[in-house]
Amino acid sequence: MRRLIAEIIDPLCHNGKLHAPLLALFLVINALVLVNAVLHDPAKGYDAGDHLHYIRTLAEDRRIPTCADSAQCYIPPLAYMMPAILLSTGKLTLLQAAKAAQLGNVLISAALLYVLLKICRLLLPNSIVLRISVLAMLGILPVYYKTLSLIRGEVYLPLLVSLIAYLVLRIFAVGQTNTANFILLGILIGLAILARQWGLLVLPAILLFIGYVSIKDHAMIPAALRAGLACLIIPALVAGWYYLIMYHRYGSLTAWDRPASHLSLTALPASFYFGLGSGKLFTDPIRPSFSNQFPAIFYSDTWGDYSAYFLVYIKDKVTGDYQTGKDLERLIKSGKPLAAN
């Protein structure tokens with residue numbers, strides 16, 4: 001038992017004992033995630049209503065939503081399965097099931113940080129600086145806490161990709177080439193693809209890595225071949241059913257919610273690629289400021305609250321209700337004085 005406990009807490013240890021600053025940083029980051037999970041309304045956020053409709057359709061109709069059910073119909077279902085199962089029991093309301101999923105995000109956050117520490121321990125076993133810096137760089141990002149307060153596949157994907165990276169390193173850097181590791185690798189990739197469609201992008205990275213390892217060390221070629229087969233066959237078994245549904249419905253394995261002609265990169269103005277906020281990046285960094293300027297919006301939403309769902313809000317003095325996001329944008333565009341709200 002002592003050995004098991006020692007192995008579990010090892011990523012948080014340095015020189016044979018718990019490292020207090022590292023442990024404190026780990027706890028503070030997850031405490032902030034917990035506060036957001038408890039306080040944030042699951043009906044508020046980017047396309048929150050559509051995500052709730054997705055959960056309801058899974059729970060009540062036992063099927064993947066169509067675009068008539070939810071605008072998020074093209075998103076794989078992994079993040080919605082747990083709240084849908086809870087809702088289907090009839091013991092929780094939709095919002096209560098969603099709140100349970102938010103609280104589950106705290107466990108995902110803790111697991112993500114833990115896996116990152118395990119990777120650091122694998123790469124540089126004696127470097128406490130690497131472990132502290134990795135957590136610190138993640139912990140200073142406001143977008144991390146915003147994302148972890150929502151119900152969507154983006155929450156699951158970083159954890160799954162980190163687990164995949166850790167397992168690949170264990171197989172090829174440590175030499176743990178047992179069959180169980182290859183099967184687990186394939187399952188994790190399948191789950192990543194069930195979290196978001198862009199989970200597929202992890203496959204080229206893995207295949208390039210195992211190709212490099214094979215060239216550098218020919219003795220690893222058998223392991224590389226087994227890993228390659230596991231990366232292709234097992235994910236197809238785990239996630240293939242969902243993509244077959246997409247193909248049957250929309251004629252594409254990676255269906256999107258708008259026609260391809262609307263996504264033409266050449267049709268976008270130069271300001272979309274190079275716009276820096278039109279002088280409002282630090283004075284008025286919320287929508288509709290610098291609309292359709294990708295660099296400015298990306299920067300603002302990473303370090304702040306461009307869409308005005310979390311940090312920026314108004315209060316209706318008549319009803320006492322708090323209004324966010326689109327309501328604030330509507331008022332700004334209407335030209336009405338915000339002081340009246």
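Reply: We begin with N181, which is buried, its relative accessible area being 11%; buried means under 20% relative accessible area, exposed over 50%, and partly exposed in between, with a 1.4 Å probe and protein chains only. This is a predicted model, in which local features need pLDDT of at least 70 and side-chain atom pairs count only at pLDDT 80 or more, while totals for chains, interfaces and linings use all residues. Residues are numbered from 1 along each chain as its sequence is written, and side-chain values use heavy atoms, with hydrogens and water left out.

Me: In which helix is the place of N181, and which residues does N181 touch?

Reply: Helices (DSSP runs of H or I, at least four residues) and strands (runs of E, at least two) are numbered from the N terminus. N181 belongs to helix 9, residues 179-195. Contact means heavy atoms within 4.5 Å; setting aside residues up to four places away in sequence, N181 touches L167, I171 and Q176. A polar atom of the N181 side chain also lies 2.9 Å from the backbone oxygen of Q176.

Me: Is I108 buried or exposed, and which residues is I108 in contact with?

Reply: I108, in helix 5 (residues 94-123), is buried because its relative accessible area is 10%. Beyond its neighbours within four places in sequence, I108 is in contact with V155, Y156 and L159.

Me: How are separation along the chain and separation in space to be read together?

Reply: I108 and N30 are 78 residues apart along the chain, and their C-alpha atoms are separated by 9.6 Å. L87 and D10 are 77 residues apart in sequence, and 38 Å apart in space from C-alpha to C-alpha. L87 itself lies in helix 4, residues 78-88, and is buried at a relative accessible area of 13%.

Me: How many helices and strands are there in the protein chain, and how compact is the protein chain?

Reply: The protein chain has 14 helices and four strands. Its radius of gyration is 23 Å, close to the 20 Å that the globule rule gives for 341 residues, so the chain is as compact as a globular protein of that length. The radius is taken over C-alpha atoms, and the rule is 2.2 Å times the number of residues to the power 0.38. Of the 341 residues, 41% count as buried. Among contacts with a separation of 6 or more, 63% are between residues 24 or more positions apart.

Key: A polar contact is a pair of N or O atoms within 3.5 Å; within protein, one must be able to donate a hydrogen and the other to accept it, and residues adjacent in sequence count only if both atoms are side-chain atoms.
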